Amino acid sequence: MENLEYVNLRSQLNERRIRLNKAIEVSIQPQHLVSLLQKVDSALEKMDNGTYGICEICHEPIEKEWLASDPLANFCLAHLSENEQKLLEQDLNLAAKIQSALLPKNNFGSFGYEVSYHYQPAGPVSGDYCDIMINENDESILFIIGDITGKGIAASMLMTQLHAFVHSMIGLNLSAHVLIERVNRLFCESSLYSHFVTMVCGRAYKNGMVEICNAGHCLPVLIKKNEIINLDSNGMPVGLFQTGTYFSNQLKLEKDETILLYTDGLSEANFGSEEYGTDRINIVASKNFSKSPNDLINTFLSDISSFTKNSHLRDDLTMLAIRRS
Ligand SMILES: [Zn+2]
């Protein structure tokens, strides 16, 4: 998803400035903070004179993603020394390991449902969020898919934060929309203004009842034998307004019906100027209504590969399918 970094960066840096000044006042050894403050001031100055985001070595624009992960960057990533690049690579590999350890169990069955997902970062780490949790008490499965603005390290850090928020509330057994409401409040309080999350949270009960709350995310697809339904979105993305209220929609999932969730890495996968698009998603879903979640996802993956002629995906891609069996 494209981000709002450039729109809100100034207010973000100003906020950092205020916090740094406060920290410097109470710090015994403020040297490090003072040099950081100087960097923030220099970035703000560059914004004023129109040179922000321009590399001081080659005078070309700094890579957008690199700037998003470090708004104080003065040089392109390419100018790092071999050793610096190596260290950065090691950090990224470790971050990727931490992130993949947060993923839920895949390909399993519970309470009459089969669940599978596919999680594929565009780079070493992903800004997508995917979670599945089983609640033995009320025999339900909570499933979530989310997409944080931007890509790369900054987005992946927010993904881990989102994961922590959701897991801190698991024991409360909240319905989908209340969970999103609370996550929204926490996210607004703790994150940068420039970042928000679109997400879908659903809870599927043993009797086939499913509640779904959609906070501005790509529409989930309900796959029936003779019908494809794109389930309406009913809420603002998470992290925009602290007072956001959300609602859950209820539906009954019959035997052999599937709900497919995905991030825009699927719908916006492109070959040249042509996008994969929701029409194609609906067609593939409709042709493969009888498949298990795992087979359905694999069918999509091979269809994307043939659509993009195997070119590298530019955005993080996540799909999650839950089927009543
Ligand atoms: Zn450069």
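Reader: Before we start, what should I know about the numbering and the model?
Author: Residues count from 1 along each chain, as its sequence is written. The model is predicted, with local features needing pLDDT of at least 70, side-chain atom pairs counting only at pLDDT 80 or more, and totals for chains, interfaces and linings using all residues.

Reader: How do you know where domain 1 and domain 2 lie in the chain?
Author: The bounds come from an automatic or database domain assignment. It gives 5-79 for domain 1 and 103-324 for domain 2, and their C-alpha centres are 34 Å apart.

Reader: What makes strand 1 and strand 2 a pair?
Author: Strands (DSSP runs of E, at least two residues, numbered from the N terminus) pair if DSSP finds at least two bridges between them. Strand 1 and strand 2 (residues 113-120) are joined by 3 bridges and run antiparallel, so they pass the pairing rule of at least two.

Reader: What is the order of the open sheet of 6 strands, and which are its edge strands?
Author: The order is 1-2-13-10-7-8, with antiparallel pairing. Strand 1 (108-110) and strand 8 (228-230) are the edges, because each pairs on one side only.

Reader: How do you know that the length of helix 9 fits its 15 residues?
Author: The expected span is 1.5 Å times one less than the number of residues. For helix 9 (residues 293-307) that comes to 21 Å, and the end C-alpha atoms are 21 Å apart, so the two agree.

Reader: What puts the buried residues of helix 9 on the same side?
Author: They are Pro 293, Leu 296, Ile 297, Phe 300 and Ile 304. Their arc, taken from the directions from the helix axis to the C-beta atoms, is only 95°, so they share a side of helix 9. On the other side, Ser 302 and Ser 306 are exposed. In general, an α-helix has 3.6 residues a turn, so residues three or four places apart point the same way.

Note on methods:
Helix = DSSP H or I, 4+ residues; strand = E, 2+ residues; numbered from the N terminus. Buried ≥ 20, exposed ≤ 12 C-beta atoms within 10 Å, placed from the backbone.
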